[in-house]
Amino acid sequence: MSNSTDFNSPVIDCQRAHRSVRHYTDEPITDSLLAMLIESAQSAASSSFIQAYSVVRVNRPVARERIAKAAGGQRWIEQAPVFLVCCADLRRIDLACREQDRGELEGWSEHSLAAVVDCALFGQNLLLAAESIGLGGVFIGGIRNEPQVIADELALPDLVMPVFGLCLGWPNERALQQPVKPRMPVELILHQDRYREADTDAIGAYDATMAIYYRERGAGARMDDWSAATANAIQGKKRKHMLDFMRDRGFFKR
Ligand SMILES: Cc1cc2nc3c(=O)[nH]c(=O)nc-3n(C[C@H](O)[C@H](O)[C@H](O)COP(=O)(O)O)c2cc1C
């Protein structure tokens with residue numbers, strides 16, 4: 001197997017150095033820098049080139065405060081030099097269809113999925129572009145705790161759905177010292193020709209690696225390894241309102 005060190009790729013180096021950054025210096029991100037990063041992120045591939053995403057920069061402190069509260073009290077939403085809400089956006093596509101006399105969108109799940117995937121690819125491209133110049137950031141799925149608060153605060157119309165937030169800023173000293181979180185071994189992720197169930201020994205070995213990571217990071221008892229942390233995290237993330245919320249916005253209706 002090739003090693004990343006066999007190639008001189010600043011992109012791969014940057015990907016492998018990723019960690020979510022939640023603490024920033026006071027240095028602002030200029031408008032022109034943000035615009036350049038957004039434009040770079042737009043280079044992401046897009047399903048049928050529909051470009052089904054929009055991003056709302058949230059500047060108003062009172063809006064940031066409300067969103068931080070809705071997201072479970074995540075202070076970095078208020079503190080980050082830039083806070084963005086990335087949205088799946090079928091509105092422009094609906095407009096194009098109507099202008100072309102091709103009817104209107106009808107809430108098909110496939111269109112909805114394409115928009116959410118487009119939004120995620122854009123978001124990851126944006127964070128990677130930011131990290132490549134020394135910025136740091138963290139995605140905020142917590143905005144889906146109370147998505148209607150976000151929709152109201154940002155005046156999101158039908159066919160536009162908030163998917164995740166993104167805090168961006170220059171990492172402070174504390175953030176720079178944070179270790180990279182070990183990922184699962186490739187063998188658990190990459191399947192050859194046919195899906196095979198996860199090897200429990202491999203999961204056990206990864207749990208042992210993560211136990212060391214959590215212990216060194218000083219995480220609480222519930223975070224004793226990856227399996228325990230994941231089983232715990234997933235319970236709190238059911239967000240039972242999501243199906244109704246998405247349908248109400250015109251997504252996943254059929
Ligand atoms: C879609 C998405 C939503 C996330 N939501 C939050 C969030 O609401 N708050 C937070 O602090 N981190 C959030 N994260 C960051 C993850 O917790 C983090 O990526 C994961 O623990 C791996 O750590 P790392 O990014 O430092 O490698 C989110 C990540 C993703 C991809």
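The model I examined is a predicted one.

**Entry 1: the helix on the sheet**

Helix α6 lies across β1, β2, β3 and β4 (160–169). Its direction is at about 155 degrees to that of β2.

**Entry 2: the sheet**

I then traced the strand order. The four strands form an open sheet in the order β1-β2-β4-β3, and the pairing is antiparallel. At the edges I found β1 (53–57) and β3, each of which pairs on one side only. I noted an average twist of 25 degrees from one strand to the next.

For β1 and strand β2 (residues 82–89), I recorded five bridges between antiparallel strands. I also noted that S54 stands opposite C87 in β2.

**Entry 3: the helix pair**

I turned next to helix α2 (residues 31–41) and helix α6 (residues 109–132). Their axes come within 8 Å and cross at roughly 130 degrees. I recorded the crossing of α2 and α6 as right-handed.

I listed the residues at this contact: L37, I38, S40 and A41 in α2 meet F122, N125, L126, A129 and A130 in α6.

**Entry 4: the ligand**

Lastly, I examined the surroundings of the ligand. Which residues come nearest to the ligand? Of the 13 residues around it, they are R19, S20, F139, G141 and G142. Strand β3 (residues 136–140) gives the most to this shell, with three residues. I divided the shell by class into five nonpolar, five polar and three charged residues.

Note on methods: Residues numbered from 1 in each chain as written. Predicted model: local features only at pLDDT ≥ 70, side-chain atom pairs only at ≥ 80, totals over all residues. Near = placed C-beta within 6 Å. Helix = DSSP H or I, 4+ residues; strand = E, 2+ residues; numbered from the N terminus. Nonpolar A, V, L, I, M, F, W, Y, C, P; charged D, E, K, R; others polar. Axes fitted to C-alpha atoms, helices over the stretch in contact; angles between N-to-C directions. Left-handed = near helix turned anticlockwise from the far one by under 90°. Contact = placed C-beta atoms within 7 Å. Pairing = 2+ DSSP bridges.
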